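User: I would like to learn how to read the strands, helix packing and aromatic rings of a model. Please take the features one at a time.

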Amino acid sequence: MVSEDSPAPGRIVLLTTSHRVAPGLLSWPAWQALRTADRVLCADGAHPQLPYLRDAGLTVEETSPTAEGLVADCAGGRTAVVVATGEGEPALTDGLARMAGSGRVAMPELELLPASYDLPGARLLDLVQVMDRIRAECPWSSRQTHRGLAKYAVEESYELVEAIEDGDRDELREELGDVLLQVVFHARIAEEDEESPFSVDDVAGTIVAKLIHRHPHVFGDATATTPEEVKEHWLRTKAAEKRRESVTDGVPLHQPGLALAAKLAARARTAGLDVPLPTADGTGAAGAGAGTGTDGTGAEGIGYELLALAARAESEGVDPEAALRAAARAYRDAIRAAEGVAG
């Protein structure tokens with residue numbers, strides 16, 4: 001049993017910090033605990049906080065204390081602050097737990113004090129660090145180029161769309177991560193370009209500036225109360241930025257055909273252009289010789305029919321790619337049912 005005449009047990013503070021926050025940016029309670037402590041200890045001599053603590057006039061002992069030694073040192077009301085390493089202090093905390101559980105020792109007050117917290121998005125820093133190491137040390141990743149990775153960006157985007165359409169939350173989270181990896185991977189490769197390098201910070205900075213500029217109703221004096229007004233702001237600022245000669249400028253021609261057709265139809269409609277759709281018999285915007293014959297047969301004839309369907313879908317607010325995928329899935333299910341395959 002602990003004697004009533006035992007000296008005051010003191011206080012042990014385990015100070016934790018986040019490597020995702022700039023060293024030295026500690027909470028006020030953390031600085032108070034550090035400045036009033038009788039001893040400040042840290043087992044990691046390379047801990048990023050140490051130079052800043054010493055610049056603040058603190059004496060930090062580079063040592064790994066034992067539970068018994070620390071409890072004894074805190075007898076008489078003394079306070080010890082242990083600056084935890086990145087792995088924490090499992091040996092110390094396990095030892096303190098054993099001593100406290102024995103009931104034979106007058107234990108000091110034990111406190112876990114977070115000195116810094118992660119801000120939203122802080123784990124992105126981990127991703128950048130991991131990508132740096134993989135790029136430097138992985139035999140496959142170190143040899144990749146923008147062109148070589150392009151197909152993966154397409155594949156991961158489609159897998160993301162599939163997760164969204166399936167409504168699978170776990171898959172959605174994973175596929176968003178895979179798409180994010182593509183962005184960070186390409187940005188890391190871009191850093192090595194000899195003529196025009198840029199980093200993931202430049203990528204983020206560019207999109208931040210674009211978002212602010214295209215949302216004057218959020219970051220400026222403009223007013224928008226409906227989605228339609230927001231879209232009008234977006235299109236107007238985008239047009240001023242790009243200074244394009246045609247409404248079709250900037251439409252990626254290598255995207256899937258239905259999506260491409262719908263995008264072109266949307267651009268024309270938004271611009272107020274009444275452009276007839278080309279047809280296989282040579283009429284419409286395509287002019288003479290556009291089709292394969294007056295009967296509309298052949299690859300081009302089918303292509304013009306698909307173009308008309310895509311334009312119709314866009315005018316009715318339907319994504320033709322999503323609509324075709326839904327129909328194709330229904331067809332797949334019908335095929336499996338005909339085969340007697342469950343599910």
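Analyst: Strand β1 and strand β4 (residues 79-83) pair in the parallel sense over 5 bridges. Strands here are DSSP runs of E with at least two residues, helices are runs of H or I with at least four residues, and both are numbered from the N terminus. Two strands pair if DSSP finds at least two bridges between them. Within this pairing, Ile12 stands opposite Ala80 in β4. This is a predicted model, in which local features need pLDDT of at least 70 and side-chain atom pairs count only at pLDDT 80 or more, while totals for chains, interfaces and linings use all residues. Residues are numbered from 1 along each chain as its sequence is written, and side-chain values use heavy atoms, with hydrogens and water left out.

User: Over how many bridges do β1 and β5 pair?

Analyst: A general point about strands comes first. In a regular strand the side chains alternate between the two faces of the sheet. In this model, β1 (residues 11-16) pairs with β5 in the parallel sense over 6 bridges. Leu14 stands opposite Leu112 in β5, and Thr16 stands opposite Pro114 in β5.

User: What is the order of the strands in the sheet?

Analyst: The order is β3-β2-β4-β1-β5, in an open sheet of 5 strands with parallel pairing. β3 (60-62) and β5 (109-114) are at the edges with a single partner strand each, so one side of each has no neighbour in the sheet. On average, neighbouring strands of this sheet are turned by 25° against each other, direction ignored.

User: How should I read a pair of helices, and at what angle do α5 and α7 pack?

Analyst: Two packed helices are described by the angle between their axes and the distance between the axes. Axes are lines fitted to C-alpha atoms, for helices over the stretch in contact, and angles run from 0 to 180 degrees between N-to-C directions. Helix α5 (residues 123-137) packs on helix α7 (residues 169-190) at an angle of about 55°, with the axes 10 Å apart. α5 is therefore oblique to α7 (under 35 degrees is roughly parallel, over 145 roughly antiparallel, 65 to 115 roughly perpendicular, and the rest oblique).

User: Which residues of α5 and α7 meet?

Analyst: Contact means heavy atoms within 4.5 Å. Among the residues that meet are Leu127 and Met131 in α5, and Leu181 and Phe185 in α7. By class, this contact of α5 with α7 has 9 nonpolar, no polar and 3 charged residues. Ala, Val, Leu, Ile, Met, Phe, Trp, Tyr, Cys and Pro count as nonpolar, Asp, Glu, Lys and Arg as charged, and the others, Gly among them, as polar.

User: At what angle do α11 and α12 cross?

Analyst: The axes of α11 and helix α12 (residues 298-315) cross at roughly 55° and come within 8 Å. That makes α11 oblique to α12, and their crossing is right-handed. The contact includes Ala262 and Arg269 of α11, with Leu307 and Glu314 of α12.

User: How is an aromatic pair read, and how many are counted?

Analyst: A pair of aromatic rings is described by the distance of the centres and the angle of the planes. Rings of Phe, Tyr and Trp (its six-membered ring) pair if their centres lie within 6.5 Å, and planes under 30 degrees apart count as stacked, over 60 as edge-to-face and the rest as tilted. The count here is 1 aromatic pair. Trp140 and Tyr152 form an edge-to-face pair, 6.2 Å centre to centre with 75° between the planes.

Definitions and conventions. Left-handed = near helix turned anticlockwise from the far one by under 90°.
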